[in-house]
Amino acid sequence: MSLLEIKGHSGIGPTVHGIALSAPDDFSTRYDLDRDRGIFSRPSHKLYGEEFVGRILVLNAAKGGVASAWMLREMVKKEKAPLGLLLNDGNPVMAQGAAFAQMPFMDRFDVDITSAISTGDEIEIVPARGIVRILSRIKTKD
Amino acid sequence: MFATSWYERNMKLDDVEKAMLDGKHGRAAAWAIGFQKDVGTFFDAEDFVPIRLVHVSTDRETMGDSGIAFIEELGSLRPSERYPRAYATADFRGFDKENFNFLLPGRNLEVEGRQAVEALGKLGVVTNHAYVNDHSVTAPGFGEACGYSGTPSVIYMNSIVGARCNFEAGPSSLAAFFTGRVPRYGFHLDSKRFATHGFKLDFSPANIVDWGVVGALIGRELNSYWCVPALELTGPPPTVLELNHMALAMASYGSIAMFHVVNVTPEAPDWGAAAGGKKLDVKTIDFNDVRTFYQEWGGIGDELDVVALSTPQMTVTEIIEIAALLDGKRVHERTTLLIYAPKEIKQACARIGLTQIIEKAGARVVHGHDFFATFAKEIRLAHKWDRLMTHSVKMVNICAGYGYRPTPASIQRCIQSAIEGKVIG
């Protein structure tokens, strides 16, 4: 039973559920992460200092260059990866990286996904059907 | 190795592509077409478009051990199982042994680099140490579809050459190498190449770093791969190097893969052609916007740890300028001055005496991958560096995430600051 179901474009990867780590900022594995420590390392990022390993990242847009295509898989292999990734606006690099890493990834939602999902919410992603379900909330959104 | 399809609906495959998927063209092609089908379906590609040229982005830091292992796994297949269907170059440039021993002591990057070059070479990928936007690799023709990996190369080719390409990042371009095709979506489609947003410069950028700032401002404003800016100038037309710096920054700050400069780039002889007949609102960028961007990074008066002139790597013309600025001078003892150039350019500079002038001043000419792409965070930690200067607005963006406090400035200001050991205004 979900509290809310959000539609997006069909995505990549298997169905997963986990705890969200959400911010309205953009995302690049190279620009924003300390991939060895598993934390956000860019001082200007709203998630600076937050641990991302095992969380479902909910962010705005994919940014930057080619690095994420290789890096997401390397992070999975080193067990330093997020569980899944939801972006309002993806790009080919992030889709290619997710497909290579077999990491759940969706974008193009019918709402601003960073407003709809808060850090700490328990969510389920069903990429094949383009659905995100909010299973429980850490707090009520205004 | 074989990809899994996640979708209830998939893009259209022809008979050859179906045979690839069924493994009839070898295991590498089967992996590749499955991977490409998943990505193509994600972006609603109708079908594939054939390509001739591929560029594989393979810097050692981003590939990681798992990327090398993946390429070695492909290389371990019998040749009939990994037949190439395109001409591929890789930008793996190896490591400059002497300089990387200084930058990252205790780590044998030469061996790590050789491992990647050998693995790629076994597949038939040409490791020629260059990027198309470094002007050291032959570019495709106007309108030609291709499968290039590096974002600087892709935005350069879409915008300046008029070739057609999406970001086909590392594994994606490798897949194109085995299938000889890429999914037809994004910038392979006429409709996606028209400008979506208009800009006008009401000043004339003074140097390449100003052009980089213009690219950063537009990238930040649009912040989407699917946006295509068109820019109208008031001053003289930019050089290719200036356009290149603007392109790098747009891709870095906004994931932009294509732009037009009206009356300069090949698909924008006028506003009508650039925007496909649409009337766009045009936002003006003035020099105050540029000044504000510089002020954001600050640093004037700070002790200076490192100057990295890179991204894109230096041309001979720029190295002539740098040598002239350093001739008879000495880099301050607290500052490291690094000048990155493709191996062939470094050798050319040595032949005409430029490298010797630069090294006599205490600076280093480094060949190999760019500063930001070769363990810049680890280098910072090894040397306890903090304040960085560079003329590359893209590098400013990346190195801020690696814990540096970067200051963007012209080459002249970077060199003068390195001599004084502090960031000068």
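## Close-up views

**B:Asp44 sits in the loop between α2 and β1 (48-50) of chain B.** Welcome to this predicted model, in which local features need a pLDDT of at least 70, side-chain atom pairs count only at pLDDT 80 or more, and totals for chains, interfaces and linings use all residues. Residues are numbered from 1 along each chain as its sequence is written, while chains are lettered from A and ligands numbered from 1 in the order in which they are written. B:Asp44 is not a glycine, yet its phi is positive, at about 60°. Helices (H or I, at least four residues) and strands (E, at least two) are DSSP runs, numbered from the N terminus.

**B:Thr311 and B:Pro312 are joined by a cis peptide bond.** The omega of this bond is about 0°. To find B:Pro312, look in the loop between β10 (306-309) and α12 (316-326) of chain B. As background for this view and the previous one, most residues other than glycine have a negative phi, and most peptide bonds are trans.

**Here chain A and chain B meet.** How many residues does each chain bring to the contact? Chain B gives 36 residues and chain A gives 35 residues. On the side of chain B that touches chain A, at least two residues come from each of α2 (27-42), α3 (60-75), α7 (170-179), α9 (240-254) and α16 (393-401) of chain B. Of these, α3(B) supplies the largest share, with 5 residues. Sorted by class, this side of chain B holds 14 nonpolar, 20 polar and 2 charged residues. Two residues are in contact if their C-beta atoms, placed from the backbone, lie within 7 Å. For the classes, Ala, Val, Leu, Ile, Met, Phe, Trp, Tyr, Cys and Pro count as nonpolar, Asp, Glu, Lys and Arg as charged, and the others, Gly among them, as polar. For the complex, the predictor gives an ipTM of 0.91 and a pTM of 0.90.

**Domain 1 of chain B meets domain 2 of chain B.** Chain B is assigned domain 1 (15-190), domain 2 (194-294) and domain 3 (299-420), with bounds that come from an automatic or database domain assignment. The C-alpha centres of domain 1 and domain 2 of chain B are 28 Å apart. Their contact uses 14 residues from domain 1 of chain B and 15 residues from domain 2 of chain B. The domain 1 side of this contact has 8 nonpolar, 6 polar and no charged residues.

**Helix α6 (residues 151-161) of chain B packs with α9(B).** The axes of these helices are 9 Å apart, and the angle is about 120°. α6(B) and α9(B) are therefore oblique to each other. Axes are lines fitted to C-alpha atoms, for helices over the stretch in contact, and angles run from 0 to 180 degrees between N-to-C directions. Angles under 35 degrees count as roughly parallel, over 145 as roughly antiparallel, 65 to 115 as roughly perpendicular and the rest as oblique. Among the residues that meet are B:Ile155 and B:Tyr156 in α6(B), and B:Leu243 and B:Ala247 in α9(B). The contact has 10 nonpolar, 3 polar and no charged residues.

**Helix α8 (residues 208-222) of chain B also packs with α9(B).** Here the angle is about 30° and the axes are 7 Å apart. That makes α8(B) roughly parallel to α9(B). α8(B) and α9(B) form a right-handed crossing. The contact includes B:Trp211 and B:Ile218 of α8(B), together with B:His245 and B:Tyr253 of α9(B). By class, there are 13 nonpolar, 6 polar and 2 charged residues. A crossing is left-handed if the near helix is turned anticlockwise from the far one by less than a right angle, and right-handed if clockwise.

**In chain A, helix α2 (residues 67-77) crosses helix α3 (residues 92-101).** Their axes come within 7 Å and cross at roughly 30°. That makes α2(A) roughly parallel to α3(A). Residues that meet include A:Met71 and A:Leu72 in α2(A), and A:Val93 and A:Phe100 in α3(A). This contact divides into 9 nonpolar, 3 polar and 1 charged.

**How confident is the predictor in each chain?** The pLDDT is the predictor's confidence in each residue, from 0 to 100. Chain A has a mean pLDDT of 93, with 97% of its residues at 70 or more. Chain B averages 92, and 95% of the residues score at least 70.
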